[in-house]
Amino acid sequence: MREVDPKSTTRAMSYELYIDAPMPMVTLFKPLDVTGLVRLSKKGHKFNMLLCWCAAAAAQRVEEFQLLPVGKALIEYDSVAVNVIVEDKRGELVSCDLPFSRDWREFEKTYLELTGRAYETGQAHELPEAMILGTSSLAKFEIDGAVNFYSGIFNNPFLIWGKYIRKGLKKQLKVSFQFHHVQMDGQQACRFLEYMQEEIFRLGKATG
């Protein structure tokens with residue numbers, strides 16, 4: 001993790017245009033075919049874990065995820081991790097950062113261990129050296145999308161989804177992806193969502 005000169009990166013123009021924008025966040029909406037993940041979840045694997053792995057795997061393939069504006073600084077990270085929100089045993093929400101592993105079963109072990117600890121202790125788990133892809137699951141509710149608020153403090157990219165629905169013989173999940181325009185443009189964001197769909201298909205086929 002290090003501060004870099006924006007002019008030395010591919011984000012130089014976007015930095016100049018959007019670093020002082022009062023609302024620099026952009027949100028895209030996309031339906032994903034999650035049929036394979038639903039099938040895999042019925043074998044005892046958490047659907048949310050599988051989706052988080054696919055999102056993190058897709059993020060590794062887009063270099064812009066390693067850059068993030070923090071205040072007026074542009075920070076370059078060596079790794080990209082994913083965050084989940086855990087409801088602890090007292091019913092309170094706890095933030096939990098999860099390191100990525102290319103082996104989804106290793107990621108699953110880490111997911112279960114860290115979210116289980118957050119549930120029991122109510123203590124957050126943070127990975128300050130990693131660029132964090134945030135997620136929020138509203139799995140009990142069927143929604144078309146969500147536009148997150150912009151606090152001016154956290155500029156991290158963020159995925160939100162609700163309940164998957166049946167579309168014929170397939171299962172569809174509508175996701176919202178929010179990102180800071182300094183970090184990436186619409187082209188990179190769309191590519192990320194396409195990669196996420198590819199990872200979902202790949203995981204579903206490899207374990208189907």
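Phe177 touches Val26, Thr27, Leu28, Phe65, Leu133, Pro157, Phe158, Leu159, Met184, Ala189, Phe192 and Leu193, not counting residues up to four places away in sequence, where contact means heavy atoms within 4.5 Å. This is a predicted model, in which local features need pLDDT of at least 70 and side-chain atom pairs count only at pLDDT 80 or more, while totals for chains, interfaces and linings use all residues. Residues are numbered from 1 along each chain as its sequence is written, and side-chain values use heavy atoms, with hydrogens and water left out.

Phe177 is also named, together with Phe65, Leu159 and Phe192, among the residues with the most contacts inside the largest nonpolar core, which has 51 residues. Helix H3 (residues 47-59) gives the most to this core, with 12 residues; helices (H or I, at least four residues) and strands (E, at least two) are DSSP runs, numbered from the N terminus. A second, separate core of 6 residues includes Tyr15, Ile19, Leu74 and Val182. A nonpolar core here is a set of buried Ala, Val, Leu, Ile, Met, Phe, Trp, Tyr and Cys residues joined through side-chain atoms within 4.5 Å, and buried means under 20% relative accessible area, exposed over 50%, and partly exposed in between (1.4 Å probe, protein chains only).

| Residue | Relative accessible area | Backbone oxygen reached by its side chain |
|---|---|---|
| His181 | 18% | Met184, at 3.4 Å |
| Thr135 | 2% | Asn83, at 2.6 Å |

His181 is found in the loop between strand E10 (170-180) and helix H5 (186-206), and, leaving aside neighbours within four places in sequence, His181 is in contact with Arg11, Ser14, Tyr18, Pro24 and Val26. Thr135 has its place in strand E7 (residues 131-137), and its contacts, with neighbours within four places again left aside, include Cys52, Val82, Ile85 and Trp161.

With a disulfide taken as a pair of cysteine sulfur atoms within 2.5 Å, the count comes to 0 disulfides. The sulfur of Cys54 is too far for a bond because the closest cysteine sulfur, in Cys52, is 9.4 Å away, and for Cys96 the nearest cysteine sulfur, that of Cys52, is 10.0 Å away. Cys54 is buried at a relative accessible area of 0%, and Cys96 counts as buried at 0% as well.

Helix H4 (residues 104-121) has 18 residues, which at 1.5 Å a residue should span 26 Å, and its end C-alpha atoms are 25 Å apart, which agrees; the expected span is 1.5 Å times one less than the number of residues. At the start of H4, a side-chain oxygen of Asp103 reaches to within 2.9 Å of the backbone nitrogen of Arg105, and just after H4, Gly122 takes a positive phi of about 75 degrees. The buried residues of H4 are Trp104, Phe107, Glu108, Tyr111, Leu114, Thr115 and Ala118. Seen down the axis of H4, these buried residues fall within an arc of 150 degrees, so they line one face of the helix, the arc being that of the directions from the helix axis to the C-beta atoms. What covers them includes helix H2 (35-41), H3, strand E5 (80-87), strand E6 (93-98) and H5.

Key
A polar contact is a pair of N or O atoms within 3.5 Å; within protein, one must be able to donate a hydrogen and the other to accept it, and residues adjacent in sequence count only if both atoms are side-chain atoms.
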